[in-house]
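Please keep the sequence and the model open while working through them.

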Amino acid sequence: MRTYLVTGGAGFIGSNYIHYMFKKYGDEIRIINVDALTYAGNPENLREVEKRPNYTFVKADICDREAIEKIFAENDIDRVVHFAAESHVDRSIVYPEVFVQTNVLGTAVMLNCAKKAWEQPDGTYLPGKRFLHVSTDEVYGSLEEDGGYFYETTPYAPHSPYSASKAGADMLVKSYMDTYHFPANITNCSNNYGPYQFPEKLIPLIINNALQGKKLPVYGDGKNVRDWLYVEDHAKAIDMVQEQGRLFETYNVGGHNEKQNIEIIKIIIETLQEMLPADDPRKALVSEDLITYVEDRKGHDRRYAIAPDKIKAEIGWYPETMFKEGIKKTIAWYFEHEDWMKNVTSGDYQKYYSEMYKI
Ligand code: NAD
Ligand code: DAU
């Protein structure tokens, strides 16, 4: 039975990954989820799995070396899947230091503890051990509007404190592979969407605001482009890279689904209109009149787009979920989980929202 140590599993992608893995492998695997439960970590995301005998939750900070060492000492970990990070660009512009702390120092702690646990006296590693570092396409910087893609060979050019800290973490992972022959992979993924995404990010924020008839904030001219990937496709890619990918390689993961932000917002409005029953009072609230252009994000990257050619050629992964289908599944999930949304938007979220959006 393989044992996985997942970091940041109470967040958006981490919780979707844990659900995906239990759906795929059932009782054949064991998962230990270590998460500090910051504002972005939510135990509710894992209610369905928390009673499984092959699931364990450990509340700890990945920067806490003793806590992480203890997990490795007490368990024979086969796979590390490292999601834990501060993930929101806007927050990094206001509070850069916590991004350096968690994303860079936390990654160093994870690498060091795994190395210590897995390295043998002759400098080789216990067979079958693998570390996967989950990173982002934002490390590659920004593309021109009229062409080009990010490839694994694209030079790093991060612009925000978030992407700079992720680039720093990636470099550390690369240094461990080069210096110590440490058994790792890096995946650099484009924008994810789907269930359990915290409504500081564009798609859940727009769904939540639209359903309440609140303004829909669009940064700048709304023409920045992102490449959207349904989160379950990302979870599948991570598993395939760990099981079939070549060690020491980086794989880019993307949706081949580039859209301007304003297009995304209009699709959400249209889909909400299609999906809301005729007698639902929210139907009258959802309208393009809510679209409100606001001040642009500082250093706002213009366009991201991944060419997922390598992962397709070597491993056979490709983005399976078309945006039209993925956004319907996502909206249906938010309809069915109104309480989840209410819980995460009470308290601190209100303060965050009013400080961030003066509309
Ligand atoms: P998220 O913000 O939803 O979740 C992050 C999780 O990490 C939370 O559960 C939080 O409690 C935990 N965490 C934060 N600091 C921690 C610490 N110091 N110690 C332990 N746990 C801590 O993030 P997400 O959107 O799920 O992203 C997960 C990973 O995927 C990140 O590494 C991010 O850079 C990367 N990524 C995200 C996207 C995206 O579109 N969301 C795309 C590509 C890559
Ligand atoms: O590309 C991968 C990255 O995608 C991940 O590494 C990050 O963790 C993740 O947060 C995401 O970053 P973005 O900055 O692209 O995502 P966000 O949802 O914050 O914004 C998407 C686009 O929408 C971006 O161009 C900014 C714009 N936007 C965002 C918000 C929150 C708005 O116009 N209005 C908004 O209110």
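**Exercise 1.** In this predicted model, describe how the axes of H8 and helix H10 (residues 323-336) cross, and list the residues that meet.

*Solution.* The axes of H8 and H10 come within 10 Å of each other, and they cross at roughly 60°. On the H8 side the residues are Ile 264, Ile 267, Ile 268, Glu 270, Thr 271, Leu 272, Glu 274 and Met 275, and they meet Phe 323, Lys 324, Ile 327, Lys 328, Ile 331, Ala 332 and Phe 335 of H10. Sorted by class, the residues of this contact between H8 and H10 are ten nonpolar, one polar and four charged.

**Exercise 2.** Work out how helix H6 (residues 202-211) is set against helix H8 (residues 261-275), and classify the residues of their contact.

*Solution.* The axes of H6 and H8 come within 10 Å and cross at roughly 45°, which makes H6 oblique to H8. The crossing of H6 and H8 is right-handed. From H6 the contact takes Leu 202, Ile 203, Ile 206, Ile 207, Ala 210 and Leu 211, while H8 contributes Asn 261, Ile 264, Ile 265, Ile 268 and Leu 272. The class count for the contact of H6 with H8 is ten nonpolar, one polar and no charged residues.

**Exercise 3.** Which angle do the axes of helix H1 (residues 12-25) and helix H7 (residues 231-244) make, and what classes of residue form the contact?

*Solution.* The axes of H1 and H7 come within 9 Å and cross at roughly 65°. The range called roughly perpendicular runs from 65 to 115 degrees, and H1 is therefore roughly perpendicular to H7. The crossing of H1 and H7 is right-handed. Among the residues in contact are Phe 12, Tyr 17, Met 21 and Lys 24 of H1, together with Val 231, Glu 232, Ile 238 and Asp 239 of H7. The contact of H1 with H7 divides into nine nonpolar, three polar and six charged residues.

**Exercise 4.** Compare the class counts for the linings of the two largest cavities.

*Solution.* The structure holds two cavities of 30 Å³ or more. The largest cavity has a volume of about 50 Å³, and its lining includes Glu 138, His 159, Arg 226, Arg 297 and Asp 301. That lining has three nonpolar, four polar and five charged residues. The second largest cavity has about 40 Å³ of space, and among its lining residues are Phe 12, Tyr 39, Asn 42, Phe 198 and Trp 340. Here the class count is seven nonpolar, three polar and no charged residues.

**Exercise 5.** Describe the second largest pocket by its volume and by the elements that line it.

*Solution.* The second largest pocket has a volume of about 880 Å³. Of its 31 lining residues, those closest to the centre are Arg 91, Val 94, Tyr 352, Glu 355 and Met 356. Helix H3 (89-94), helix H4 (96-118), helix H11 (338-344) and helix H12 (348-356) are the elements that give two or more residues to the lining. The largest share, six residues, comes from H12. By class, the lining of this pocket has 15 nonpolar, four polar and twelve charged residues.

Methods: Residues are numbered from 1 along each chain as its sequence is written. Chains are lettered from A and ligands numbered from 1 in the order in which they are written. This is a predicted model: local features need pLDDT of at least 70, side-chain atom pairs count only at pLDDT 80 or more; totals for chains, interfaces and linings use all residues. Side-chain values use heavy atoms; hydrogens and water are left out. On a 1 Å grid over the protein atoms alone, a cavity is a set of points where a 1.4 Å probe fits but cannot get out, and a pocket is an open set with protein on both sides within 12 Å along at least five of seven lines; lining residues have an atom within 4 Å of a point. Grid points are joined across faces, edges and corners, and a volume is the space filled by probe spheres set on the points. Ala, Val, Leu, Ile, Met, Phe, Trp, Tyr, Cys and Pro count as nonpolar, Asp, Glu, Lys and Arg as charged, and the others, Gly among them, as polar. Axes are lines fitted to C-alpha atoms, for helices over the stretch in contact, and angles run from 0 to 180 degrees between N-to-C directions. Helices (H or I, at least four residues) and strands (E, at least two) are DSSP runs, numbered from the N terminus. Angles under 35 degrees count as roughly parallel, over 145 as roughly antiparallel, 65 to 115 as roughly perpendicular and the rest as oblique. A crossing is left-handed if the near helix is turned anticlockwise from the far one by less than a right angle, and right-handed if clockwise. Contact means heavy atoms within 4.5 Å.
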